[in-house]
Amino acid sequence: FPPTAELQALDAAHHMHPFTDGAELAAKGARIITRAKGVTLTDSEGEEILDAMAGLWCVNIGYGRDSMAEAAARQMRELPYYNTFFQTSHVPAIELARKLAEIAPGDLNHVFYASGGSDANDTNVRLVRHYWAAKGKPEKKVIISRKNAYHGSTMAGASLGGMTGMHAQGGLPIPDIVHIGQPHWYAEGGDMTPEEFGRARARELKAKIEELGEDKVAAFIAEPIQGAGGVIIPPDSYWPEIQRICDAHAILLIADEVICGFGRTGQMFGSQSYDICPDIMTVAKGLSSGYIPIGASIVCDEVANTVAEAGDFNHGYTYSGHPVACAVALENLRILEDEKLVENVASGTGPYLAEKWRQLAEHPLVGEAVIRGFMGSLALTPDKAARAPFAAETGTIGLIARGHCFENNLVMRHVGDRMIIAPPLILTKSDVDVLIERAVRALDLTLARIKDEGLYR
Ligand code: PMP
């Protein structure tokens, strides 16, 4: 390939990146990743980088798996594409649906395919409204989501999401989507204990349902652990209360498992980690470990059967159940099970990672270090006792810290001034040692620099 500088110039000139400041990209250039193996990325300069974000919470089985490439090639030769519209089907779509029904909890037995998480959540919006219409309640169409949530970038996905700067951009949100607070004790819990705060935030759901009227509300959507919002691990009191409220008010519960699904929390699904029983789960990312685009809604018997009987759900994508994507996802799930990667999170590397990660709370810059399974976050702060934010604009310090991680060949992401990890599920204890060593170095460099620049306040 051409020299790095040339690639960077071409990239900035012609490639519109998602979620990227174009001017900054033109000024600095992107780091160009050329190949990867296991947990390690290689860039165009030959530098090796430890990927503690699994690409973008995707590559659970790690990079460079020949059998994944073979599964794709085999399926491409046999049947590269056919649709699943109008009473046609094919073997990979059938087998994957059966497999997902087998591993999903409760009576989540039906699969509607998409190409990623955003469009699967679009499906969910239409599906729950269609369900209630089929039950004779067309007015039951409001979907309650949470502030600071991320559920995708399509018109419905971004409307469900509650992120500042995104949720209200470009004519959004679409109608009949409302938000309640997130169970983010560290930032918003004040003097309450985490458990008190978890219950209080759950009760906002009840208050919102009562305010709008039960007959107007179709569903509540949330991630078991909010990922892109900064790995916000809810207090234990939160989910049982949410489940109780949804059940008591006949509100469908949609668990967005795009990040939490397929082992990341230490069980196959985050819903299982929190003992909840959703009516619909959104999956993507880890479904194929990012090797190919695929997403899905996994739907319970009651909703799927009602919609099937109504017979007029006019919805679908050209690539719903793409045979190559399904074949690759099946191979991914085989690897996940055969190599016991969920067990690696729960009882192999997981406890070691958790111990080392939590020790980062001793660093002068870190206000809290939390982790569940292979999802962890650090709150950066100038004042631990007060859990105080920095005086500088939110994200300034996080961006500096992320830069020092990257220079030290560690991919960690920042959300505001929270640093997050979501490494591949194949991570070993020696990978953990490297991760922690580089993270500490990056935190030290960040602290020194912000003191120098007068930003440590
Ligand atoms: N839901 C969640 C929880 C996500 O994290 C994401 C992607 N970051 C999405 C939905 C959207 O998925 P996609 O980017 O595949 O459309």
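## Handedness and the pair H4 and H13

A crossing of two helices is called right-handed if the near helix is turned clockwise from the far one by less than a right angle, and left-handed if it is turned anticlockwise. The model described here is predicted. In it, H4 passes H13 in a right-handed crossing.

Helix H4 spans residues 66-78 and helix H13 spans residues 323-338; their axes lie 8 Å apart and form an angle of about 150 degrees. Angles over 145 degrees count as roughly antiparallel, and H4 is therefore roughly antiparallel to H13. On the H4 side, the contact includes Ser 67, Met 68, Ala 71 and Arg 74. H13 contributes, among others, Pro 323, Val 324, Ala 327 and Glu 331. By class, eight nonpolar, three polar and two charged residues make up the contact of H4 with H13.

## The pair H15 and H17

Helix H15 (residues 349-359) packs against helix H17 (residues 429-452) at an angle of about 20 degrees, and the two axes are 9 Å apart. H15 and H17 are therefore roughly parallel to each other. Their crossing is right-handed.

Thr 349, Tyr 352, Leu 353 and Lys 356 of H15 meet Lys 429, Val 432 and Ile 436 of H17. This contact of H15 with H17 comprises four nonpolar, one polar and two charged residues.

## The seven-stranded sheet

Seven strands form an open sheet with mixed pairing, in the order E4-E10-E9-E8-E7-E5-E6. Strand E4 (108-114) and strand E6 (177-180) stand at the edges with a single partner strand each, so one side of each has no neighbour in the sheet. On average, neighbouring strands of this sheet are turned by 25 degrees against each other, direction ignored.

Within the sheet, strand E7 (residues 217-222) pairs with strand E8 (residues 252-256) in the parallel sense over four bridges. Ala 219 stands opposite Leu 252 in E8. Helix H5 (residues 91-103) packs on the sheet, where it touches E4 and strand E10 (295-300), and its direction makes about 135 degrees with that of E4. Helix H9 (residues 194-212) lies across strand E5 (142-146), E6 and E7, and runs at about 145 degrees to E6.

## Surroundings of the ligand

The ligand is surrounded by 15 residues, of which Gly 116, Gly 117, Ser 118, Gly 152 and Val 258 are the closest. Helix H6 (residues 117-134) supplies the largest share of this shell, three residues. By class, the shell around the ligand holds five nonpolar, eight polar and two charged residues.

Technical notes
Residues are numbered from 1 along each chain as its sequence is written. This is a predicted model: local features need pLDDT of at least 70, side-chain atom pairs count only at pLDDT 80 or more; totals for chains, interfaces and linings use all residues. Axes are lines fitted to C-alpha atoms, for helices over the stretch in contact, and angles run from 0 to 180 degrees between N-to-C directions. Helices (H or I, at least four residues) and strands (E, at least two) are DSSP runs, numbered from the N terminus. Angles under 35 degrees count as roughly parallel, over 145 as roughly antiparallel, 65 to 115 as roughly perpendicular and the rest as oblique. Two residues are in contact if their C-beta atoms, placed from the backbone, lie within 7 Å. Ala, Val, Leu, Ile, Met, Phe, Trp, Tyr, Cys and Pro count as nonpolar, Asp, Glu, Lys and Arg as charged, and the others, Gly among them, as polar. A residue is near a molecule or strand if its C-beta atom, placed from the backbone, lies within 6 Å of it. Two strands pair if DSSP finds at least two bridges between them.
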